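Hi,

Here is the structure I promised to pass on. Have a look at it first, and then read my notes below.

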Amino acid sequence: MYARCIKHTFTNEVMKQSVINFMVQNFDLKNGMMMSFKLHLSENQTLHVGIFPDKETADKAAELVKPVREQITQMGVKSEVLAGPLTDFMAAGEITLDQITQLTGKS
């Protein structure tokens, strides 16, 4: 599995909510994304996390969202992309990354 994250720093609350809502409606859980969540790091900063079955799927999804990311940057939002293999995943009920990987058929 592979995680792709984008840390956004917004100039105001309206911009923050607009971008979040747009991304949820148009990109979350699409183009091979298996899981999505957001961390609100501060009043004006979020970290959007997308989980994909593999790097190739994440890279394809990134290409599809690239024009929108460019528009978001033009609005004055600062963006930082973070990505890498997802390891050591655990959840309540002793669910492991290996168990999820077996469900998707990919590692």
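The lining of the second largest cavity splits into 3 nonpolar, 3 polar and 1 charged residue. (Nonpolar here covers Ala, Val, Leu, Ile, Met, Phe, Trp, Tyr, Cys and Pro; charged covers Asp, Glu, Lys and Arg; the others, Gly among them, are polar.) The residues in question are His8, Val19, Ile20, Met23, Lys38, Thr46 and His48. Helix α1 gives the largest share, 3 residues, and α1 and β3 each supply at least two. The volume of this cavity is about 60 Å³.

Before I go on: this is a predicted model, where local features need pLDDT of at least 70 and side-chain atom pairs count only at pLDDT 80 or more, while totals for chains, interfaces and linings use all residues. Residues are numbered from 1 along each chain as its sequence is written, and side-chain values use heavy atoms, with hydrogens and water left out.

A search of the whole structure turns up 2 cavities of 30 Å³ or more. A cavity is a set of points, on a 1 Å grid over the protein atoms alone, where a 1.4 Å probe fits but cannot get out, and lining residues have an atom within 4 Å of a point. Points are joined across faces, edges and corners, and the volume is the space filled by probe spheres set on them.

The largest cavity holds about 180 Å³. Of its 15 lining residues, Arg4, Met33, His48, Phe52 and Val65 are the closest to its centre. Helix α2 gives the most to this lining, 4 residues, and β1 (2–9) and β3 (45–52) each supply at least two. (Helices are DSSP runs of H or I, at least four residues, and strands are runs of E, at least two, numbered from the N terminus.)

Now the packing. The largest nonpolar core has 9 residues: Phe10, Met15, Val19, Met23, Phe27, Val65, Val68, Ile72 and Val77. α1 (13–26) and α2 (55–74) are the elements that give two or more residues to this core. Apart from it lies another core of 7 residues, including Met1 and Ile51. (A core is a set of buried Ala, Val, Leu, Ile, Met, Phe, Trp, Tyr and Cys residues joined through side-chain atoms within 4.5 Å; buried means under 20% relative accessible area, with a 1.4 Å probe and protein chains only.)

Cheers

Definitions and conventions
Buried means under 20% relative accessible area, exposed over 50%, partly exposed in between (1.4 Å probe, protein chains only). On a 1 Å grid over the protein atoms alone, a cavity is a set of points where a 1.4 Å probe fits but cannot get out, and a pocket is an open set with protein on both sides within 12 Å along at least five of seven lines; lining residues have an atom within 4 Å of a point.
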